[in-house]
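Dear colleague,

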Amino acid sequence: MANFFTDNDDLRFYFDQGVPWAELVELTEYGFRAPDGFKDVEEAKSFYRDVAESFGELAAEVVAPRAARLDVEHSHIVDGQAEEAPALREISEAMRAAELHKLCVPRELGGLNAPLTVYMMAGELLARADVSIMTHFSFHGGMALAALAFSIREGSTTFDVPSGRIARTRFAEMIREIASGEAWGCMDITEPNAGSDMAQLRTRAEQDADGAWRVSGQKIFITSGHGKWHFVIARTEEAKDPSDPYAGLAGLSMFLVKAYDTRPDGTCERYVTLDRFEEKLGHHGSVTASLSFDRVPAELIGKRGEGFRAMLLLMNNARVGVAFESIGLAEAAYRAARDYAEVRTSMGKPIARHEMIADMLEEMELDIIALRALAVRSAYHEECAQKLGIFQGFFTEASPEERARVSRELPRHQRMSRRYTPLLKYLASEKAVEIARRAVQIHGGSGYTRDYPVEKLLRDALVLPIYEGTSQIQSLMAMKDTLMGVIARPQAFVRRMADARVRSLSSRDPLDRALGRLSLQAALATQHLLRKTAEGKLRSLSGKPLTSWPKAFAKDWNPKKDFAYAMLHAERLTRLLADEAIAELLVEQAKAHPERRVWAERWLERAEPRGRALYDAITTTGDRLLQRLAEEGRTTSPSVAAAEE
Ligand SMILES: Cc1cc2nc3c(=O)[nH]c(=O)nc-3n(C[C@H](O)[C@H](O)[C@H](O)COP(=O)(O)OP(=O)(O)OC[C@H]3O[C@@H](n4cnc5c(N)ncnc54)[C@H](O)[C@@H]3O)c2cc1C
């Protein structure tokens, strides 16, 4: 029987040893307090492996054989209700029967209490079979956990501390329905005139005289929007300063909206109107809905005006999830290309032996291994950060040593998750497109036909760099975080740069020296962007030591407006930072598992020359374009104008 888990050595490495399981399992099992929980780490790991095997079999035996049908059978709106495509219905039923939706839901809420990291790693197997199925699947457990996280944050979940179990939670009904596979959630943010620019969102929420909230407006492009439970971002306050393009973010709030109820006769009473399901280029197993809200009852989540913050929590997990979708799709594309290249001959040999094709295949394989390393680590840090946050808030009886450990570990996980997530979402989704395109190219004319699966993979891949924050938005986030981090802690940056220089020159291991050179390249590019930013903002600063910048920057500093040059190069910097982050992880793996050294060597062999090219582009181009934008008066950054003066 085919199994997408057992035939994947790299993914199996993470289930066996490639994740710091001891910490993650202990956090997930509440320090092994629960009587119905696992007794130790090995027992838990063995369960996670069994789960992955079930996913692998379902992906290979149930989803993959239906992928072609998912591509052509569409879901429709009939008399105002959703009618799912037959192949999607069949897969959903198989997943419900296998009880996969409850995987990461806590036991006391009807789930199996597996880590979210396991849920995502197993989801990759579904994405390899059909990426749109993983997308829809993520709107089950992922949304249940988001509801729980919101509830914990606002204080409407209480714990029974001795057993480490949830005693009560506000969203129990929703979570139980999702765990049983009866319902799913979705995330309603985008509107016709507000996608990346969330400050422009117009959907409103108003309170009746009795205090009850009602939402009115239109949302578009909502994945799995025919579902029951909707997290809706709506405006509760007008922007205070209309001249500030970001002011609108402060007036957004998060709501939970129930889209329908099921009557005793099984029919549906709808409160949210399904306007249409989009006709898309690909990704056809996933419904993308436009919705109308007309004074629909809603429950406020958290406080008024905190919607943007709440959305970030939702999106962090979702972005890591998209990375696993991207890796699954890339794995399918690579395997199809590799298999085809072995059997297709040209000029006397299989095309896999032709240098350019061999080079492409080797890079495709390497990219997948590299991305998986970053994805697994990102998921792990994000999950540890969230779980330690819960521990800190609730387990007040913990020993002083335990509390001190949490206070030390929590900021580390938060910092690493924040660093990795935009790099991961950016690179994984861009690489999925590149790998799918190369798979088509390797198939030649056949790749462009529907006789082979790769044209579908390319169409499916194209949405990955768009949803959950486009590649450009990820790049802006990574760039701003990096630059603001240096401004806030210049000494640490200077120290890191010196360390990289020393490492590049004097480490005994050539792998360490190569990593040092790449890190130095990334640091020099960052320094250049800061210098250009400083030149634009405060000419007087150029020439002064980096350590004097924070004081000088303290006045009239607006990080949202003053990064024109850095914004121009944000994508290049992001690529460089992602290459560096992956190199660090692969070198770390090589030290712990010498058999994996080959991946670190190959990554650095490609990343080093790429880093030099990116550094060159960052340091030698851009002024002319910024000059042109300034002259055309199109720039949104006052700093460019300031730089012109
Ligand atoms: C299949 C699908 C599923 C989706 N699912 C959901 C969902 O479940 N929930 C939801 O709320 N939304 C969803 N979306 C919407 C998606 O998140 C948005 O399409 C995305 O955020 C981009 O917004 P936009 O389409 O308005 O493009 P725009 O924001 O108009 O962007 C257009 C282009 O301009 C670039 N751009 C914008 N601002 C900047 C800037 N400051 N600097 C540089 N470049 C910039 C963008 O990167 C992009 O390339 C989905 C979309 C699709 C296609």
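The second largest pocket is lined by 20 residues, and those nearest its centre are Ala82, Glu84, Glu182, Trp184 and Tyr260. A pocket here is an open set of points, on a 1 Å grid over the protein atoms alone, where a 1.4 Å probe fits and with protein on both sides within 12 Å along at least five of seven lines, while lining residues have an atom within 4 Å of a point. This is a predicted model, in which local features need pLDDT of at least 70 and side-chain atom pairs count only at pLDDT 80 or more, whereas totals for chains, interfaces and linings use all residues. Residues are numbered from 1 along each chain as its sequence is written, and side-chain values use heavy atoms, with hydrogens and water left out.

The second largest pocket holds about 500 Å³ of space, a volume being the space filled by probe spheres set on the points, which are joined across faces, edges and corners. At least two lining residues come from each of strand E2 (81–83), helix H5 (86–97), helix H7 (131–154), strand E10 (260–262) and strand E11 (268–270), and H5 gives the most, with four residues. Helices (H or I, at least four residues) and strands (E, at least two) are DSSP runs, numbered from the N terminus.

Turning to the strands, E13 (residues 288–301) runs antiparallel to E7 (residues 213–223), to which eight bridges join it, and Gly217 has Phe293 in E13 as its bridge partner. Strands count as paired if DSSP finds at least two bridges between them. E12 (residues 272–277) is also antiparallel to E13, with five bridges, and there Thr273 is partnered by Ser292.

Best wishes
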